[in-house]
Amino acid sequence: MPNVGAELASVPFGKMIYDMASAIARSQIALDKASIELVKVLAGTTFDYVPDVVETLLPNPRQVKGANGAPLVDSNGDPVMITGVLVQTDVGDSFPLTLLQAGVNPTFYAFTNSQIEVKMSITSTQESSNTFSVGVSVTASADFLFASGSVSSHVNFTSANKYSYSVTGSSSMSTVLNPVPPPKNMMPRFFLVNAIDPTKVTISQS
Amino acid sequence: MAFQMYMVAFNGDFSQAVSRDVQHHIRKHNGVTLMVMKTGIIGAFDDSMVPFVQAHPSVKLVGGVTLSPNGYAADRLQRIFAENLAKQIQVKPQ
């Protein structure tokens, strides 16, 4: 008879879990290395950052021009003036800013949920059949001097046994990969020192 | 699965030709270019396209990035991304 317990015990659960955990650990290391490499790229990529642009509106009075472009005067002979505006633009000095400082953070990933599913189907069938038949034939004949008779019999016995046993199994493994915030230990800290008031130091981390 | 932002870093020194070629490569894989720098491109594309973008000979690495609102120039970068994105997508009436 099939031993279901033995079949289940033969499934290498321990090895499957170890192989999966090992594969996840290797993948996690590779992903973390790629993200750390990306931190270096982002920290090394700079662009010119213009911190501020000051636009000042200045009065710009001017005389209105009349026909033929001649300066226009009113009935008293005073010039007709409009206020006018002049926009003076003062672009602050640009300085290099890294993408990391600017706010571009690398994405880190983590495996959050892993599943191993093993399905096993054990089928065992047994069929046996026996047939038994008995036949008897009697013949008799009589003549003038003799009489004869015969008896014959037969026995048929058939026995059939069918036995089948099958085990089918399947397994599936799945894992979920989610983006997570950058680990604190892998991201640089930014110290902002205010040179106007050096006692003011701001520390931030992405 | 999802359209995400990626940093596509160049292999070797910067050149206009390489940058343009990588941008075309991203576009070919239904991606968009959000910002171009000397060391690489910040682009957005479906994450299933990462291996194809990575396969370009001038690409060193492709890594997912996010924009932190606490960044020094996050709002300005966001505006730059939006302006560049607007130049590359076509909105069709339904």
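Two residues are in contact if their C-beta atoms, placed from the backbone, lie within 7 Å. The model shown is predicted, so that local features need pLDDT of at least 70 and side-chain atom pairs count only at pLDDT 80 or more, while totals for chains, interfaces and linings use all residues. Residues are numbered from 1 along each chain as its sequence is written, and chains are lettered from A and ligands numbered from 1 in the order in which they are written.

**View 1. The contact between chain A and chain B.** On chain A, 21 residues are in contact with 19 residues of chain B. Two or more residues each come from H2, strand S1 (46–49), helix H3 (99–102) and S7 of chain A; helices (H or I, at least four residues) and strands (E, at least two) are DSSP runs, numbered from the N terminus. With seven residues, H2(A) gives the most to this side of chain A. The side comprises 11 nonpolar residues, nine polar and one charged. Here Ala, Val, Leu, Ile, Met, Phe, Trp, Tyr, Cys and Pro count as nonpolar, Asp, Glu, Lys and Arg as charged, and the others, Gly among them, as polar.

**View 2. The sheet with strands from chains A and B.** Five strands form an open sheet in the order S7(A)-S4(B)-S1(B)-S3(B)-S2(B), with antiparallel pairing; two strands pair if DSSP finds at least two bridges between them. Its edge strands, S7 (104–106) of chain A and S2 (32–36) of chain B, each pair on one side only. On average, neighbouring strands are turned by 40° against each other, direction ignored.

**View 3. Strand pairings within the sheet.** S7(A) and S4(B) are joined in the antiparallel sense over three bridges, and Val104(A) stands opposite Leu67(B) in S4(B). Seven bridges link S1(B) and S3(B), also antiparallel; the bridge partner of Gln4(B) in S3(B) is Phe45(B). A hairpin of three residues joins S2(B) to S3(B), and these two strands pair over four bridges.

**View 4. Helix H2 of chain A against the sheet.** The 32 residues of H2(A) (residues 13–44) should span 46 Å at 1.5 Å a residue, and the end C-alpha atoms are 46 Å apart, which agrees; the expected span is 1.5 Å times one less than the number of residues. H2(A) packs on the sheet, and its direction makes about 85° with that of S4(B). Axes are lines fitted to C-alpha atoms, for helices over the stretch in contact, and angles run from 0 to 180 degrees between N-to-C directions.
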